[in-house]
Amino acid sequence: MLKVFKLNTGEEGFYNITSYVRQAVNESGVQEGIAVVFCPHTTAAITINENADPDVTEDLVYAFDKTFPSRPQFKHCEGNSHAHLKSSCVGASETVIIDDGALALGVWQAIYFVEFDGPRERNFAVKIIKG
Ligand code: ZN
């Protein structure tokens, strides 16, 4: 089962999409398997991180900016190579175990769509695999 969700992002940041992934799991009826969450964009990403203290994801945005600043030497005509760099480093997907019909996330974990070049109209896919 494949489900595609739309997401309108704002500025660069972390968007908690855990509830969307849970919805896909529930609709699938799968009790044991995996959920693959995939981002089909080159300046955004999918990751899992802290869900309790919002300062964590703000710190990550700050650290990504410090680590991958825009540089005048970049050749890409769109001017967003720093966003492409961040996208590749974080990655396009995450895989989460489905156990007893629920996502086997840690208590402090959430699944995030990470926008590095917003605001944009985005989407992400969730594939539920029984097994
Ligand atoms: Zn670009």
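Modeller: A definition comes first: helices are DSSP runs of H or I with at least four residues, strands are runs of E with at least two, and both are numbered from the N terminus. Please note also that this is a predicted model.

Biologist: Which residue takes a positive phi just after H3?

Modeller: Helix H3 covers residues 81-90. The residue in question comes just after H3, and its phi is about 105 degrees. That residue is Gly91.

Biologist: Which elements do the buried residues of H3 pack against?

Modeller: The buried residues of helix H3 are Ser81, His82, Ala83, Lys86 and Ser87. One partner of these buried residues is a strand and the other is a helix. They are strand S4 (44-50) and helix H2 (54-67).

Biologist: Which residues are the protein donors of the zinc ion?

Modeller: In sequence the donor residues are spaced H-x1-E-x1-N-x3-H. The donors lie 1.9 to 2.2 Å from the zinc ion, and the atoms involved are NE2, OE, OD1 and NE2 in turn. The corresponding residues are His76, Glu78, Asn80 and His84.

Biologist: What is the geometry of the site, given 4 donor atoms?

Modeller: For four donors to count as tetrahedral, all angles must lie between 85 and 135 degrees. Here the angles among the donor atoms run from 89 to 147 degrees.

Biologist: Is Glu78 buried or exposed, or in between?

Modeller: Buried means under 20% relative accessible area and exposed means over 50%. Glu78 has a relative accessibility of 46%, and therefore falls between those limits. His76, at 32%, receives that description too. For Glu78 the class is partly exposed.

Biologist: How many aromatic pairs are there, and how are the planes of Phe5 and Phe124 arranged?

Modeller: The count comes to 6 aromatic pairs. For Phe5 and Phe124 the centres are 5.3 Å apart, with 25 degrees between the planes. Planes under 30 degrees apart count as stacked, so this pair is stacked.

Biologist: How far apart in sequence are the parts that Phe5 and Phe124 tie together?

Modeller: Phe5 lies in strand S1 (residues 2-8), whereas Phe124 lies in strand S8 (residues 121-130). Both residues are buried. The separation in sequence is 119 residues.

Biologist: What kind of pair do the rings of Tyr20 and Phe124 form?

Modeller: Tyr20 lies in helix H1 (residues 18-28) and Phe124 in strand S8, so this pair ties together parts 104 residues apart in sequence. Tyr20 is partly exposed at 29%, whereas Phe124 is buried at 0%. The ring centres are 5.9 Å apart and the planes stand at 80 degrees, so the pair is edge-to-face.

Biologist: Which residues of the largest nonpolar core touch the most other members?

Modeller: This core has 22 residues. At least two of its residues come from each of S1, H1, strand S3 (33-38), S4, strand S5 (93-99), strand S7 (109-115) and S8. A second, separate core has 10 residues, including Ala45 and Ala83. In the largest core, the residues asked for are Leu103, Ile111 and Phe124.

Biologist: Which residue forms a salt bridge with Lys3?

Modeller: Side chains of opposite charge can pair when their charged atoms come close. The bridge from Lys3, in strand S1, reaches helix H1, 24 residues away. The distance from N to O is 3.3 Å. The partner of Lys3 is Glu27.

Biologist: Is Lys86 buried or exposed?

Modeller: Lys86 forms a salt bridge with Asp65, the closest N and O atoms being 2.6 Å apart. This pair links helix H2, which holds Asp65, with helix H3, which holds Lys86. Asp65 is partly exposed at 33%. Lys86 has a relative accessible area of 0%, and therefore it is buried.

Biologist: Which residues do salt bridges that share partners join into one network?

Modeller: The count comes to 6 salt bridges. Among them is the bridge between Asp65 and Lys86. The network consists of Glu12, Asp65 and Lys86.

Notes. Residues numbered from 1 in each chain as written. Predicted model: local features only at pLDDT ≥ 70, side-chain atom pairs only at ≥ 80, totals over all residues. Heavy atoms only, no water. Donors = N, O, S within 2.8 Å, 3.2 Å for Na, K, Ca; no water. Tetrahedral: all angles 85-135°; square planar, octahedral: opposite > 155°, others 65-115°. Buried < 20%, exposed > 50% of the residue type's maximum accessible area, 1.4 Å probe, protein only. Phe/Tyr/Trp six-rings, centres within 6.5 Å; stacked < 30°, edge-to-face > 60°. Contact = heavy atoms within 4.5 Å. Core = buried A, V, L, I, M, F, W, Y, C linked by side-chain atoms within 4.5 Å. Salt bridge = Lys/Arg side-chain N within 4 Å of Asp/Glu carboxyl O.
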